[in-house]
Amino acid sequence: MTDLLEHAIERVRTLSPEAQDDVARVMLAVLDDEPGLVVLDPGEKASFAKSLAQAARGEFASDERIRAIWAKHGL
C-alpha cells in the first residue's frame, strides 16, 4: 500500500460510520469502474426527468429570468 493511500485510510478512520460508508462506496465505484458515483433519491430522479423533458421540448429559462437569478445571488 502506498503512503498516500495509508494516509487517506487513516483519515477515513476518524470519520463517522456513515461518512466511512460514503467513502467506501465511492472507492468501490471507482475500483469497479461504475459509471455513476452519485446515487439519486426518487425525488432527484423525478426532478432530472422533468428537466430533461423540458429541454427536449425546448423550454428554457429566458435571458431575463437568468439575469434575475444571477442578481439574486449577487452574480
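**Helices, salt bridges and exposed surface of a predicted chain**

In helix 2, which covers residues 17–31, Arg25 and Asp22 are three residues apart, so about one helical turn separates the two. Helices (H or I, at least four residues) and strands (E, at least two) are DSSP runs numbered from the N terminus. The model is predicted, with local features requiring pLDDT of at least 70 and side-chain atom pairs pLDDT 80 or more, while totals for chains, interfaces and linings use all residues. Residues are numbered from 1 along each chain as its sequence is written, and side-chain values use heavy atoms, without hydrogens and water.

Arg25 and Asp22 are joined by a salt bridge, with 2.9 Å between the closest N and O atoms; the criterion is a side-chain nitrogen of Lys or Arg within 4 Å of a carboxyl oxygen of Asp or Glu. Asp22 has a relative accessibility of 43% and counts as partly exposed, where buried means under 20%, exposed over 50% and partly exposed in between (1.4 Å probe, protein chains only). Two salt bridges are found in the whole structure. Arg57 and Glu59 also form a salt bridge through their side chains, at 2.8 Å from N to O. Of this pair, Arg57 is exposed at 52% relative accessibility, whereas Glu59 is partly exposed at 41%. Over the chain there are 9 positive and 14 negative side chains, and 11 Å separates the centres of the two sets. Lys and Arg are taken as positive, Asp and Glu as negative, without His and the chain ends; charges are placed at NZ of Lys, CZ of Arg, CG of Asp or CD of Glu.

The secondary structure consists of four helices and zero strands, in the sequence pattern α-α-α-α. The C-alpha trace spans about 55 × 30 × 20 Å along its principal axes. Of the 75 residues, 1% are buried. The accessible surface amounts to about 6,900 Å², with 60% of this area on carbon and sulfur atoms (Shrake-Rupley, 1.4 Å probe; for residues, only the protein chains shown count as cover).

A nonpolar surface patch is formed by Met1, Leu5, Met27, Leu28 and Leu31, whose accessible area together is about 540 Å². Patch members have over 30% relative accessible area and no salt bridge, with nonpolar side chains (Val, Leu, Ile, Met, Phe, Trp, Tyr) joined within 5 Å and like charges within 9 Å. Helix 2 supplies the largest share of the patch, three residues. Leu5 belongs to helix 1 (residues 3–13) and is partly exposed at 36%.

Helix 4 has 10 residues with zero buried, so this helix lies largely in the open. Ile69 is located in helix 4 (residues 63–72) and is partly exposed, with a relative accessible area of 32%. From Ile69 to Asp33 the C-alpha distance is 37 Å, at a sequence separation of 36 residues. Gly74, which follows helix 4, has a positive phi near 70 degrees. Leu75, in the segment after helix 4, is exposed at 75% relative accessible area. The C-alpha atoms of Leu75 and Leu28 are 38 Å apart, with the two residues 47 residues apart in sequence.
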